[in-house]
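Hi,

Here is the structure I promised to pass on.

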Amino acid sequence: MVIASAPVTEGRVARSRIRETHPEVCFWALNGGQPMARYKKTKEGFRERKQVLRRVYPDTEDVVVAALQRYPRSQVARDDILDALVAAVTAAAKKKGLSSIPETAELDSRQLRMEIVFYRR
């Protein structure tokens, strides 16, 4: 997880836009509220997550192939590519398609929402 630095979170507009997500929660939501059946580090788990992503983002395979060709595994693990892509798909979702845990978020000391956001189709 990346922690947002103070300059990023200082502005009111930034605080209203910065949201936190978690890849397994996103995959769970995109999989109809069902947890993924396979561990993400296995070939089956990787394939399973790609299939789920393809349903909402048809260019998934192109993004994955490009990332696998561009970055050596010593720098980026295969499953990290899918984690980043599911976060990007979530970020690109229209506000109406977003849900969060909890449904009503509390604010932390920096006035950032304490929540995990996911895209529910």
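**Salt bridges and a helix pair**

Searching the whole structure turns up nine salt bridges (a salt bridge being a side-chain nitrogen of Lys or Arg within 4 Å of a carboxyl oxygen of Asp or Glu). Before the details, some ground rules: this is a predicted model, where local features need pLDDT of at least 70 and side-chain atom pairs count only at pLDDT 80 or more, while totals for chains, interfaces and linings use all residues. Residues are numbered from 1 along each chain as its sequence is written, and side-chain values use heavy atoms, with hydrogens and water left out.

Let's start with Arg19 and Glu115. They form a salt bridge whose closest N and O atoms are 2.6 Å apart. Arg19 sits in the loop between α2 (12-17) and α3, and Glu115 belongs to strand β2 (residues 113-119), so this pair ties together parts that lie 96 residues apart in sequence. (Helices and strands here are DSSP runs, H or I of at least four residues for helices and E of at least two for strands, numbered from the N terminus.) Arg19 has 32% relative accessibility and counts as partly exposed, whereas Glu115, at 5%, counts as buried. For those words, buried means under 20% relative accessible area, exposed over 50%, and partly exposed in between, with a 1.4 Å probe and protein chains only.

Next come Lys40 and Asp79, another salt bridge, with 3.5 Å between the closest N and O atoms. Lys40 is in the loop between α3 and α4 and Asp79 in helix α6 (residues 78-92), so the pair links parts 39 residues apart in sequence. Both Lys40 and Asp79 are buried.

Arg54 pairs with Glu61 in a salt bridge, the closest N and O atoms being 3.1 Å apart. Arg54 is partly exposed at 35% relative accessible area, and Glu61 is partly exposed at 28%. Salt bridges that share partners also join Lys40, Lys41, Asp79 and Asp83 into one network.

Now for the helices. The axes of α3 (residues 23-30) and α4 (residues 43-56) come within 10 Å and cross at roughly 65°; axes are lines fitted to C-alpha atoms over the stretch in contact, with angles from 0 to 180 degrees between N-to-C directions. Which residues make the contact? From α3 they are Glu24, Phe27 and Leu30, and from α4 Arg49, Val52, Leu53, Arg55 and Val56, where contact means heavy atoms within 4.5 Å.

Cheers
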